[in-house]
Amino acid sequence: MPVGQPHAHAPDSGGDGGGVANHSNHQPHSPPPPALPAEVVPAYPPPESVDDEIWVWTQIKAEARRDADAEPALASFLYATVLSHPSLPRSLSFHLANKLCSSTLLSTLLYDLFLASFTAYPSLRAAVVADLLAAHSRDPACVGFSHCLLNYKGFLAIQAQRIAHVLWAQQRRPLALALQSRVADVFAVDIHPAAVVGKGILLDHATGVVIGETAVIGDNVSILHHVTLGGTGKAVGDRHPKIGDGVLIGAGATILGNVKINAGAKIGAGSLVLIDVPARSTAVGNPARLIGGKKAEGEKDEDMPGESMDHTSFIRQWSDYTI
């Protein structure tokens, strides 16, 4: 049951800028969550993230004002979701709460939950900003930061999963699993709350992405639609892929088992990967095999596929590629 405005809060310890309108059905919110170890909520550099957050939020508000003036049909939505809020965490918490609420999982409860987590853990806010910057820089269809914030279900699904991951670490697992279920229903993205997800993540299109319980995803990774990071059967324990920094995973790729896709690797669309993939290499096919091994023309040592989004450079090195 969506709400028109988020409701009143006590002043935030994070100092994100004042309260918001009250609701008669407001329920007392729980005390601030306890500190979590670094492996649960990594400590991204707060000074840099604070500067980036302010800059990105300024851009989002400017874009929302422009769009509200240009398209009156969206003015009320943009005011309620962006322009009426004093900070990015409040805007995102409000938007996520209205997206994921149901008749039994109230938007007011979700808003409290999301905002409390963003306030308690600055690294979550830094990851939000890194994801927005990633989408804007890597996806040519992303016309602005506000477009990503409001409309990119991959972006929204990742933010909700990070909150579910915090809940999982706090042993609030039924609520974490309920949130996972709502994300799967609403966004068609199924990421287990225990999965570890870095920052600067792009889920491009996102439909059909499945990420298992013990999966680990590094920073600056790009994953296209219908990608599965899954197990190989009924085995329990550490059974899902580990994705290094800067990896690019093409549409429809399936990676199964506790395998390592090392930093800067590229997985071709539709590939089935069952073994480790070395750093800076390309795996294609079903079952996947390694190809290439030398830098493509113009490729620099610092180029990472997860950031360059280059899906086809390996073809120049694939001698038996024919049509």
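This is a predicted model: local features need pLDDT of at least 70, side-chain atom pairs count only at pLDDT 80 or more; totals for chains, interfaces and linings use all residues.

Biologist: Where does Arg172 lie?

Modeller: Arg172 sits in a loop, with helix 7 (153-169) on one side and helix 8 (173-187) on the other.

Biologist: Which residues is Arg172 in contact with, leaving aside its neighbours within four places in sequence?

Modeller: They are Leu113 and Leu167.

Biologist: Is Leu96 buried or exposed?

Modeller: Leu96 is buried, because its relative accessible area is 0%. This residue is found in helix 3. Once neighbours within four places in sequence are set aside, Leu96 is in contact with Phe114, Leu156, Gln159 and Ala160.

Biologist: What does the chain look like as a whole?

Modeller: The chain has nine helices and 15 strands. Of its 323 residues, 49% are buried. Among contacts between residues at least 6 apart, 52% join residues at least 24 apart.

Biologist: How do I describe two helices that meet?

Modeller: Look at the distance between the axes, then at the crossing angle, then at the residues that touch. For helix 4 (residues 107-120) and helix 5 (residues 122-138), the axes come within 4 Å and the crossing angle is roughly 100 degrees. These two helices are therefore roughly perpendicular to each other, since angles of 65 to 115 degrees are given that name.

Biologist: Which residues of helix 4 and helix 5 make the contact?

Modeller: Helix 4 contributes Ser117, Phe118, Thr119 and Ala120, while helix 5 contributes Pro122, Leu124, Arg125 and Val128. Sorted by class, the contact of helix 4 with helix 5 has five nonpolar residues, two polar and one charged.

Biologist: How do the axes of helix 2 and helix 3 cross?

Modeller: The axes of helix 2 (residues 75-83) and helix 3 (residues 88-100) come within 8 Å, and they cross at roughly 125 degrees. That angle makes helix 2 oblique to helix 3. On the helix 2 side, Phe77, Ala80, Thr81 and Val82 meet Ser91, Phe94 and His95 of helix 3. The contact of helix 2 with helix 3 has four nonpolar, three polar and no charged residues.

Biologist: How many aromatic pairs does the structure hold?

Modeller: It holds one aromatic pair. Trp55 and Phe145 form the pair, with 5.6 Å from centre to centre and 85 degrees between the planes, an edge-to-face arrangement.

Biologist: Which parts does the pair of Trp55 and Phe145 tie together?

Modeller: Trp55 lies in helix 1 (residues 46-70) and Phe145 in helix 6 (residues 145-151), so the pair ties together parts that are 90 residues apart in sequence. Trp55 is partly exposed, with a relative accessible area of 45%. Phe145 counts as buried, at 4% relative accessibility.

Biologist: Now the strands. What should I know before looking at a sheet?

Modeller: In a regular strand, side chains alternate between the two faces of the sheet. After that, read the strand order and the pairing. Here, an open sheet of four strands has the order 2-5-8-11, with parallel pairing. Strand 2 (196-197) and strand 11 (260-261) are at the edges with a single partner strand each, so one side of each has no neighbour in the sheet.

Biologist: How many bridges join strand 2 to strand 5?

Modeller: Two bridges join strand 2 to strand 5 (residues 216-217), and the strands run parallel. Val196 has Val216 of strand 5 as its bridge partner.

Biologist: Which strand forms a hairpin with strand 14?

Modeller: Strand 15 does, with two residues between the two strands. Four bridges join strand 14 to strand 15 (residues 288-291), and these strands run antiparallel. Within strand 15, Arg289 is the bridge partner of Val284. Strand 14 (residues 282-285) is also joined by two bridges to strand 12 (residues 266-267), and there the strands run parallel. Lys266 has Thr282 of strand 14 as its bridge partner.

Terms used: Residues are numbered from 1 along each chain as its sequence is written. Side-chain values use heavy atoms; hydrogens and water are left out. Two strands pair if DSSP finds at least two bridges between them. Axes are lines fitted to C-alpha atoms, for helices over the stretch in contact, and angles run from 0 to 180 degrees between N-to-C directions. Angles under 35 degrees count as roughly parallel, over 145 as roughly antiparallel, 65 to 115 as roughly perpendicular and the rest as oblique. Contact means heavy atoms within 4.5 Å. Ala, Val, Leu, Ile, Met, Phe, Trp, Tyr, Cys and Pro count as nonpolar, Asp, Glu, Lys and Arg as charged, and the others, Gly among them, as polar. Rings of Phe, Tyr and Trp (its six-membered ring) pair if their centres lie within 6.5 Å; planes under 30 degrees apart count as stacked, over 60 as edge-to-face and the rest as tilted. Buried means under 20% relative accessible area, exposed over 50%, partly exposed in between (1.4 Å probe, protein chains only).
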